[in-house]
Amino acid sequence: MERTRTDRASAGDVSPAPGAAAPSGPVAPVAGFVYGAADEERRRAVRRMKTLATGLLLAVALVYALATWAGRAGAGGWTGFVAAAAEAGMVGALADWFAVTALFKRPMGLPIPHTAIIPTKKDQLGQSLGEFVGENFLSAEVVRRRLRSVGIGRRLGGWLAEPRNADRVTAELSTALRGALTVLRDSDVQAVVGEAITRRAHDQEIAPGLGTLLEKVVAEGGHRRVVDLVVARAHDWLVEHGDSVMAAVSGGAPGWTPRFVDRKVGDRVYKELLRFVTEMRDMPAHPARGAIDRFLRDFAEDLQTDPDTRARVEHLKSEVLGRGEVQDLIASAWGAVRAMIVAAAEDERSELRLRVRAALLSLGRRLSDEERLQGKVDGWLEGAAVYVVTTYQHEITSLITDTVAGWDAAHTSRKIEAHIGRDLQFIRINGTVVGALAGLAIYSVSQALG
């Protein structure tokens, strides 16, 4: 019983003291290992198999002793066959016991060479395992062949083509988007957005683009609606504020002119101005409209070709961008965009989520049906995987090597024994049986040959 407790403690089984609460989960007494209920069950199975193999060895030893005694007592020639089989069975059992024990410890504590292989060769085994994984699993050709045989593009397409899977991906993307927007600080994003917009506006000259746009608008007659609106509003304003116009004209007359002359002049100017605006409003072919067309065409050409005009536009642009109100407007745009995106991500029926879902379904159908698109996706994935394994192959294999090197030798042996020890004990049993049969066959042949 005492030895059983010692074995459990040395194997990492940290049992609670009497009256203490049992641990709720796996216990990790040694770095790199976690001993749980499954490990303890494996160790119990190994102990049962050890007992069975040892019991079989004792059984053949007892058979050998009884057969030898019976032979000497004159029981007959059959005792020789039984004794030979039992003797060979003992030899096979002992040989396999030595081989199995030598993997994990020194048999009977003797410093026999090439024993306790796992504790003494642990680091070399880890190094060999890392090299094996690197050469046979992390090579570019192996990764490409494996990914090509899997057909990820086709499988992904079939999976995405299912509406419930598309809904799931859409929901996950929405959650990730909301999380990312929550993590980002508004002040940082506003600064980045404002700096990016300002820098791009400063770096790109806008006069030629404005000139091209204005030239196209004038050629298509798009400006005429603006002219119609301005002339109509000007006519309505003159009708409503006729007294103000005449008063302004009269007020600007010299002091020595009679008042009635000032009123006559003001009335005449007002009527001519009203007549001019009315004719311009009602006559699409009015000369003033043609003058506006020529002015806009000339201005559009100057925006594209005249250095002085272009420089003035750039100067005006810099002044506008430098104003605090404009910078505040650019910065505040992020807040509106962020609120809009978050609201759309949270609403299952929003246009954003519906479009994302439709795009995923469409992508899934295309991936399922179009071999060319499947080949592209597979090629991208193969290239990414090959880059990772070839670039970080040493880091990946070092993870195996360094992890094994950090394990405690004794606990490593017990951990491995817990996983494969049951099969190793079967080897002892098989050695006993095969040895007995071989001994029986050899003795039979030797008796047959005299």
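The side chains of D228 and R289 meet in a salt bridge, with an N to O distance of 2.5 Å; a salt bridge here is a side-chain nitrogen of Lys or Arg within 4 Å of a carboxyl oxygen of Asp or Glu. D228 lies in helix α11 (residues 224–240) and R289 in helix α14, so the pair ties together parts that are 61 residues apart in sequence. The model is predicted: local features need pLDDT of at least 70, side-chain atom pairs count only at pLDDT 80 or more, and totals for chains, interfaces and linings use all residues. Residues are numbered from 1 along each chain as its sequence is written, and side-chain values use heavy atoms, with hydrogens and water left out.

**Overall architecture**

- The secondary structure of the protein chain comes to 20 helices and zero strands; helices (H or I, at least four residues) and strands (E, at least two) are DSSP runs, numbered from the N terminus.
- Of the 450 residues in the protein chain, 28% count as buried, where buried means under 20% relative accessible area, exposed over 50% and partly exposed in between (1.4 Å probe, protein chains only).
- The accessible surface of the protein chain comes to about 29100 Å², and 62% of that surface belongs to carbon and sulfur atoms; areas come from the Shrake-Rupley method with a 1.4 Å probe, and for residues only the protein chains shown count as cover.
- Among contacts (heavy atoms within 4.5 Å) between residues at least 6 apart in sequence, 71% join residues at least 24 apart.

**Salt bridges**

- A search of the whole structure finds 13 salt bridges.
- In the D228 and R289 pair, D228 is partly exposed, with a relative accessible area of 36%, whereas R289 counts as buried at 8% relative accessibility.
- E382 and R144 meet through their side chains in a salt bridge (3.5 Å, N to O). E382 lies in helix α18 and R144 in helix α6 (residues 140–150), so this pair ties together parts that are 238 residues apart in sequence.
- E382 counts as buried at 7% relative accessibility, while R144 counts as partly exposed at 29%.
- E351 forms a salt bridge with R355, the closest N and O atoms being 3.0 Å apart. Because E351 and R355 are four residues apart in helix α17 (residues 351–369), about one helical turn separates them.
- At 49% relative accessibility E351 counts as partly exposed, and at 58% R355 counts as exposed.
- A network of salt bridges links E41, R44 and R48.

**Surface patches**

- E215, D298, E301 and D302 form a negative surface patch. Patches are made of residues with over 30% relative accessible area and no salt bridge, with like charges joined within 9 Å and nonpolar side chains (Val, Leu, Ile, Met, Phe, Trp, Tyr) within 5 Å.
- Lys and Arg count as positive and Asp and Glu as negative, while His and the chain ends are not counted; the place of a charge is taken as NZ of Lys, CZ of Arg, CG of Asp or CD of Glu.
- Helix α14 (residues 287–305) gives the most to the negative patch, with three residues. D302 has its place in helix α14 and is partly exposed, with a relative accessible area of 32%.
- A nonpolar patch on the surface is formed by Y387, V388, Y392 and I396, with about 370 Å² of accessible area together. Y387 lies in helix α18 (residues 371–391).

**A buried threonine**

- T401 lies in helix α19 (residues 393–405) and is buried, with a relative accessible area of 14%.
- Not counting residues up to four places away in sequence, T401 touches G126, Q127 and G130.
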